[in-house]
Amino acid sequence: MQTRIALGIEYNGQHFFGWQAQENLATIQGSLESALSRIADEPIKVFCAGRTDAGVHATGQVVHFDTSASRQMAAWTFGTNALLPPEIAVCWAIYVDADFHARYTAVSRRYRYFIYNYPARPAILSGRVAWHYGPLNINAMHQAGQYLLGEQDFSAFRSAQCEAKTPMRNIQSLTVTRSNDYVVIEVSANAFLHHMVRNIVGVLLEVGSDAKEPQWVRAVLESKDRRQAAVTADAAGLYLIKVAYPGKYIFPERNPIF
């Protein structure tokens, strides 16, 4: 008899080739499946809430897998962690029903983007934050971000490699704040297109640098043309921090630094 288990995953994506398993390349999925398969003593395939690109991090990724193995929950957490690279950790494990799917049951995702806003580049946090050396007007950036709220066509913010069937997405909130030398952009939506958050950040940086007015973001959105937007922001600053599910799925809340 098979059971379905959900896991909360945290990872530093700096030295990985993204989430999706690729032959002969270090990926988050590949590392996780390898460790779980050893614990289960059978092949394990995991499904995630949101595939992240190379260099992107997560503190709130959720995955699920099916297994016929009977193990203590500690085996799926501490046992798996003993077999994982230090940059990946299982934070919790919970039995879920067969209707649960980490991706398709999710009702929203939240990303947080960190920008080190200082003339000199970061050293200790290199690879874990983005860097912008010039002054940034966070009030203008926040104002610009409000044009993106609601259900809209985000064609201008999707990559050419995006495989989504529709460009329609619903952004529920977008905030831009500052804490000392760090600018933090947080965005929640029902789902995201490929490179959508990083392309949004690229546009907001144009506004924050006073190269464009906040209203320009609305023009970019309405153009539905990726060529009208800005460059894709650095992957290093991006974190998947929370995935929300319907009320019957109660998962542990975490409040990590990032």
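Thr 52 counts as buried, at 6% relative accessibility; buried means under 20% relative accessible area, exposed over 50% and partly exposed in between, with a 1.4 Å probe and protein chains only. The model is predicted: local features need pLDDT of at least 70, side-chain atom pairs count only at pLDDT 80 or more, and totals for chains, interfaces and linings use all residues. Residues are numbered from 1 along each chain as its sequence is written, and side-chain values use heavy atoms, with hydrogens and water left out.

Thr 52 lies in the loop between β2 (47-48) and β3. Helices (H or I, at least four residues) and strands (E, at least two) are DSSP runs, numbered from the N terminus. The side chains of Thr 52 and Tyr 11 are joined by a polar contact of 2.7 Å. A polar contact is a pair of N or O atoms within 3.5 Å; within protein, one must be able to donate a hydrogen and the other to accept it, and residues adjacent in sequence count only if both atoms are side-chain atoms. Contact in general means heavy atoms within 4.5 Å. Leaving aside neighbours within four places in sequence, Thr 52 is in contact with Tyr 11, Gly 18, Trp 19, Gln 61 and Tyr 111.

The strands come next. Strand β10 (residues 238-244) is mostly covered, with six of its seven residues buried. Two strands pair if DSSP finds at least two bridges between them. Strand β3 (residues 57-67) pairs with β10 in the parallel sense over two bridges, and His 57 stands opposite Tyr 239 in β10. Strands β5 and β10 run antiparallel and are joined by six bridges; Ser 108 has Ala 244 in β10 as its bridge partner.

Asn 117 belongs to strand β5 (residues 108-117). Asn 117 is buried, because its relative accessible area is 9%. A polar atom of the Asn 117 side chain lies 2.6 Å from the backbone oxygen of Gly 134. Not counting residues up to four places away in sequence, Asn 117 touches His 132, Tyr 133, Gly 134, Pro 135, Leu 136, Arg 178, Asp 181 and Val 183.

A contrasting site is Asp 210, in the loop between α4 (196-208) and α5 (216-223). Asp 210 counts as exposed, because its relative accessibility is 60%. Asp 210 and Thr 77 are 133 residues apart in sequence and 47 Å apart in space, C-alpha to C-alpha.

A search of the whole structure finds zero disulfides, a disulfide being a pair of cysteine sulfur atoms within 2.5 Å. For Cys 48, the nearest cysteine sulfur is that of Cys 162, 15 Å away. Cys 48 counts as buried at 8% relative accessibility, and Cys 162 is buried with a relative accessible area of 14%.

The largest pocket holds about 1300 Å³ of space. On a 1 Å grid over the protein atoms alone, a pocket is an open set of points where a 1.4 Å probe fits, with protein on both sides within 12 Å along at least five of seven lines; lining residues have an atom within 4 Å of a point. Grid points are joined across faces, edges and corners, and the volume is the space filled by probe spheres set on the points. Of the 41 residues that line the largest pocket, Gly 50, Arg 51, Arg 103, Phe 192 and His 194 are the closest to its centre. At least two lining residues come from each of β2, β5 and α4, and the largest share, three residues, comes from α4.
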